[in-house]
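Open the model in your viewer and keep the selection tool at hand. This tour goes stop by stop.

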Amino acid sequence: MPNQLSPSELVLNPDGSLYHCNLKPEHIADTIFLVGDPQRVPKVSAHFDKILFTTQKREIVTHVGIKRGQHVAVTSTGMGTDNIDIVLNELDAAANIDLESRSVKPHKRVLTFIRLGTSGALQPDIPVDSFLASSDGLGFDGLLHFYEGTARYTQNKFIDAFIAHTQWQPALARPYWAPADPLLLHTAKSIDMLTGITATATGFYGPQGRVLRLPVNDALLNEKLSSFRYQDLRITNFEMETSALYGLSALMGHRALAINCIIANRFTGQFSKDYQRSVAEMIRIAVEFIL
C-alpha cells in the first residue's frame, strides 16, 4: 500500500468527508449500528439519550449520538453486500486513515458493528417474529475473493463439505465462511436469542430460490441449505448482508454481530403479521442490552 492514497483511491467530498457516507473522523463512534433501510435509522436513534449529528447521501443515512455516556451511531447501508463493502470501508477509513495526509494511521482503532436486519428462516422450527444472532456468515456473493488474506475463509473443511453437500455449481462464486465476534455472540445468547449460520445471497428472488416468472437453476437449493450439517452447525436463515459484514470486519480487525428479526419462514410459508412491531422490539433489545 502506498504511503499516500491517491484521490482516485480515497475519494473525498469537497468538505473533506468520505464520498458516499458524508462522514469525517469526528463522526465515527466506537459502536455503530447498521440497518439496511434508511427509514429504520431514526427508529434506532430514538433510543439514544442525545443525537449530536445527522447526515444523508443517497440511501446512506447516519445519526451520531450518546447512549449511557457512550458515543454511538447508526448508519443505513441499503441492501446487499456491495453496499456493505462501501459503508464498512468508509467507516474504517474515517477511523484508521488520516484523511488530510491520506495515509494509514500506525495504530488501528477497533470498531464494533451491530447489524439489525430482517431475514427468512430456513429451518421449520424457527418461529416467525423471533430474533436470531448469526454465529457465522456464509457468503454466496464472492466479495471476499477480491481481497488478500482470505484463504482461511474460502479454503477450509466447512466450505468443502458445503460444496459437496449442495453440489455447488462451478459457475457460481466459491462460498466463504466468516464468524461473528465471540463476545458479542455470547451476549446475544445470554439474552436467549436464537443462533445459527446465516446464508447471504446476492439477491432476493432467484438467488434465494424464489420463482416469479424466471425459473431458477437449482430448485432444491433451499432444501439443500436446510439439510446441511457440519459438526453441530446448521444454516438457519437467508439474507443479503451478513457474510460481507463478518468477512470485512475480520479482515480489518473490527468486531461484528448481525441480529435478524425472522419475518418469514420459507418452509412453513408463514410471514409475520406485524413485522414492524417485531423489528421495533429487536431494536429496543439490541440498544438496551447488546450495547
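Is Arg-234 buried, partly exposed or exposed? Select Arg-234: this residue is partly exposed, with a relative accessible area of 25%. Here buried means under 20% relative accessible area, exposed means over 50%, and partly exposed is in between, with a 1.4 Å probe and protein chains only.

Before moving on, note that this is a predicted model, where local features need pLDDT of at least 70, side-chain atom pairs count only at pLDDT 80 or more, and totals for chains, interfaces and linings use all residues. Residues are numbered from 1 along each chain as its sequence is written, and side-chain values use heavy atoms, with hydrogens and water left out.

**Stop 1: salt bridges**

Asp-125 lies in the loop between E7 and strand E8 (131–139) and Arg-234 in strand E12, so the pair ties together parts that are 109 residues apart in sequence. A salt bridge is a side-chain nitrogen of Lys or Arg within 4 Å of a carboxyl oxygen of Asp or Glu. Helices (H or I, at least four residues) and strands (E, at least two) are DSSP runs, numbered from the N terminus.

Next, select Glu-239 and Arg-115. Their side chains meet in a salt bridge at 3.6 Å, N to O. This pair links distant parts of the chain: Glu-239 sits in strand E12 and Arg-115 in strand E7, 124 residues apart. Glu-239 counts as buried, at 3% relative accessibility. Arg-115 is buried too, at 4%.

Now go to Asp-160 and Arg-174. Here the closest N and O atoms of the salt bridge are 2.8 Å apart. Asp-160 is partly exposed, with a relative accessible area of 43%. Arg-174 is partly exposed as well, at 24%.

Select Asp-49, Lys-67, Arg-68 and Glu-288 together. Salt bridges that share partners join these four into one network. How many salt bridges does a search of the whole structure find? The search finds eleven.

**Stop 2: the second largest pocket**

Select Met-79, Thr-118, Phe-204, Met-240 and Ile-263. Of the 21 residues that line the second largest pocket, these lie nearest its centre. The pocket holds about 490 Å³ of space. A pocket is found on a 1 Å grid over the protein atoms alone: it is an open set of points where a 1.4 Å probe fits, with protein on both sides within 12 Å along at least five of seven lines, and lining residues have an atom within 4 Å of a point. Grid points are joined across faces, edges and corners, and the volume is the space filled by probe spheres set on the points.

Which strands each supply at least two residues of this lining? They are E7 (112–121), E12 (233–239) and E13 (255–265). The largest share, five residues, comes from E7. By class, the lining has eight nonpolar, six polar and seven charged residues.

**Stop 3: a nonpolar patch**

Keep Phe-204 selected. Phe-204 lies in the loop between strand E10 (194–200) and helix H6 (221–227). This residue is partly exposed, with a relative accessible area of 39%. With Phe-204 they form a nonpolar patch on the surface, with about 340 Å² of accessible area together. Patch residues have over 30% relative accessible area and no salt bridge; nonpolar side chains (Val, Leu, Ile, Met, Phe, Trp, Tyr) are joined within 5 Å, like charges within 9 Å. Areas come from the Shrake-Rupley method with a 1.4 Å probe; for residues, only the protein chains shown count as cover.

**Stop 4**

Most residues other than glycine have a negative phi. Arg-58 lies in the loop between strand E2 (50–57) and E3, and is exposed at 59%. Then pick Asp-192, with a positive phi of about 65°. Asp-192 is in the loop between helix H5 (182–190) and E10. At 69% relative accessibility, Asp-192 counts as exposed.

Terms used. Nonpolar A, V, L, I, M, F, W, Y, C, P; charged D, E, K, R; others polar.
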